Amino acid sequence: MSFPKNFLWGGATAANQLEGGYNEGGRGLANVDVVPYGKERFLVSMGKRRMLDFEEGYYYPAQKGIDFYHHYKEDIAMFAKMGFKVFRMSLAWTRIFPNGDESEPNEEGLAFYDDVFAELKKYNIEPLVTITHFDMPIHLIKEYGGWKNRKLISFYKNLVTVLADRYKDVVKYWITFNEINMILHLPFMGAGLVFEEGENETEAKYKAVHNELVASAWATKILHEANPEAMVGCMVAAGNYYPYSCNPEDVWASMGKDRDNFGFIDVQSRGYYPSYLTKMLEREGIDVGMTEEDEQILREHTVDYISFSYYSSRCISTDPKNTETVGNAFKGTRNPYLKASDWGWAIDPLGLRITLNTLWDRYQKPLFIVENGLGAFDTLENDTVQDDYRIEYMKAHITEMEKAIREDGVNLLGYTSWGCIDLVSASTGEMSKRYGFIYVDRDDKGNGTFKRYEKKSFDWYRKVIASNGEEL
Ligand code: BGP
């Protein structure tokens with residue numbers, strides 16, 4: 001086995017899916033709070049159904065999450081027991097700036113994160129901090145229309161300036177935006193966009209994309225100025241598109257689909273818009289509002305590393321008879337060679353090696369797998385879960401990751417599995433789509449005690465980390 005000595009093993013979470021405490025500590029209301037459980041969730045997430053406040057008759061799982069807000073000490077102790085070297089978490093923007101456009105931050109919100117970081121430090125767990133993971137103050141949507149408005153760049157800069165100042169000696173690893181390419185698929189989650197009747201949606205999305213890219217470059221500058229050692233990364237929902245056949249039409253289609261995702265990291269990593277993206281915007285008649293200052297900031301403040309989530313590969317066919325589509329926010333053709341999870345996500349461990357190699361070839365910057373895992377139904381029996389299926393999934397993916405390092409020479413900083421403790425699913429709002437090594441007693445309707453239990457995978461992962469990936 002060839003994992004470097006300082007390889008960062010750990011787990012990943014996001015504030016809106018685990019913290020809860022939505023109205024505590026002076027926190028403001030966020031877009032993610034008002035995304036309900038149930039069949040309207042997708043419409044709201046996509047900006048097709050306007051829901052900017054809690055409405056009667058809906059259940060909102062983010063309000064309580066898994067109550068990490070009150071359980072963080074216990075949870076971090078469990079992560080430490082597994083031997084985590086790193087913990088990926090995000091900060092709720094609304095804890096720090098409840099409305100987003102204030103000049104002074106909310107001290108109580110910062111104090112909460114001070115405590116979380118102190119607790120991690122106690123166990124020598126390195127925090128890996130996502131500045132925004134699908135969240136933003138609802139006020140910035142109501143008042144400014146979300147990320148399609150350039151003013152958001154300055155509000156985000158204020159947030160990052162506060163974080164840089166306060167946490168420059170505490171946090172080394174940062175991620176500016178979670179899955180930035182999700183703006184194209186779930187624009188309310190990714191950018192606070194709610195579309196008006198007849199609005200040019202593509203234009204709104206790409207304006208939001210541009211503003212987030214510029215904001216991300218500013219964040220890189222601010223964080224580096226505060227601490228030159230800071231490692232600032234971009235983050236993309238990855239997984240290559242395979243052509244369904246060797247028909248060049250399918251190959252070309254897969255290349256186009258991949259570029260929809262790479263376009264973002266091309267800018268964040270290389271410092272300028274790739275020609276295929278500039279040409280597409282020209283064809284569509286979209287002006288993203290690029291200024292000279294934007295060009296300069298993008299060019300001069302590229303990221304230090306590239307992080308990504310990987311759950312599955314995707315597949316695309318141009319033949320209308322292959323219409324069967326699968327997968328979450330990413331639509332595609334079913335790959336007949338692969339099995340899928342209970343939620344239809346194709347399981348493809350080799351696809352992780354392919355993704356690692358693609359990104360490494362393309363950017364030659366260190367990579368970080370910051371999400372990977374299996375969402376599955378678990379049954380709690382005798383205070384534990386026999387989740388061999390999860391162990392099998394992770395074992396297969398870690399094996400491919402090891403080959404990418406040893407045989408292909410990929411530079412990989414670490415691996416944080418998604419939802420290391422069960423939390424609310426981003427796409428469905430379910431609790432029953434579980435990823436964790438730790439079971440949390442909470443169901444899809446909001447019942448349960450929040451009690452935590454170790455699953456079988458808990459001890460398995462502990463051994464993986466203790467042996468630095470030797471024992472799988
Ligand atoms: C990614 C998100 C996470 C997470 C994960 C699993 O897209 O960054 O927030 O939830 O996917 O997806 P889901 O929760 O929909 O199963």
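Glu 402 and Arg 406 sit four residues apart in helix α14, about one turn of the helix. Their side chains meet in a salt bridge, at 2.7 Å from N to O. Keep in mind that this is a predicted model.

- Glu 402 is buried, at a relative accessible area of 3%, whereas Arg 406 is partly exposed at 46%.
- Salt bridges with shared partners also join Asp 378, Asp 387, Arg 390, Asp 422, Arg 434 and Lys 455 into one network.
- Among the buried residues of α14 are Arg 390, Tyr 393, His 397, Glu 400 and Glu 402.
- The cover over the buried residues of α14 includes β1 (8-12), α13 (349-363), β11 (367-371), β12 (412-418) and α15 (456-466).

**Salt bridges elsewhere**
- The whole structure holds 33 salt bridges.
- One of them pairs Glu 19 with Arg 95, with the closest N and O atoms 2.8 Å apart.
- That pair links distant parts of the chain, 76 residues apart: Glu 19 is in the loop between α1 and α2, and Arg 95 is in helix α4 (residues 93-96).
- Both Glu 19 and Arg 95 are buried.
- Asp 114 and Arg 166 form another salt bridge, at 2.7 Å between the closest N and O atoms.
- Here the link runs from helix α5 (Asp 114) to helix α7 (Arg 166), 52 residues apart.
- Asp 114 is partly exposed at 28% relative accessible area, and Arg 166 is partly exposed at 30%.

- Instead, the side chain of Asp 250 makes a polar contact with the side chain of Ser 245, at 2.8 Å.
- Beyond its sequence neighbours within four places, the contacts of Asp 250 include Pro 243, Tyr 244, Ile 316 and Thr 318.

**Aromatic pairs**
- The count of aromatic pairs is 32.
- Tyr 37 and Tyr 59 make an edge-to-face pair, 6.3 Å centre to centre with 65° between the planes.
- Both of these residues lie in loops, so the pair ties together parts that are 22 residues apart in sequence.
- Ring pairs also link a cluster that includes Phe 68, Tyr 72, Phe 112, Phe 437 and Trp 460.

Definitions and conventions
Residues numbered from 1 in each chain as written. Predicted model: local features only at pLDDT ≥ 70, side-chain atom pairs only at ≥ 80, totals over all residues. Heavy atoms only, no water. Buried < 20%, exposed > 50% of the residue type's maximum accessible area, 1.4 Å probe, protein only. Helix = DSSP H or I, 4+ residues; strand = E, 2+ residues; numbered from the N terminus. Contact = heavy atoms within 4.5 Å. Polar contact = N/O pair within 3.5 Å; in protein donor to acceptor, adjacent residues only side chain to side chain. Phe/Tyr/Trp six-rings, centres within 6.5 Å; stacked < 30°, edge-to-face > 60°. Salt bridge = Lys/Arg side-chain N within 4 Å of Asp/Glu carboxyl O.
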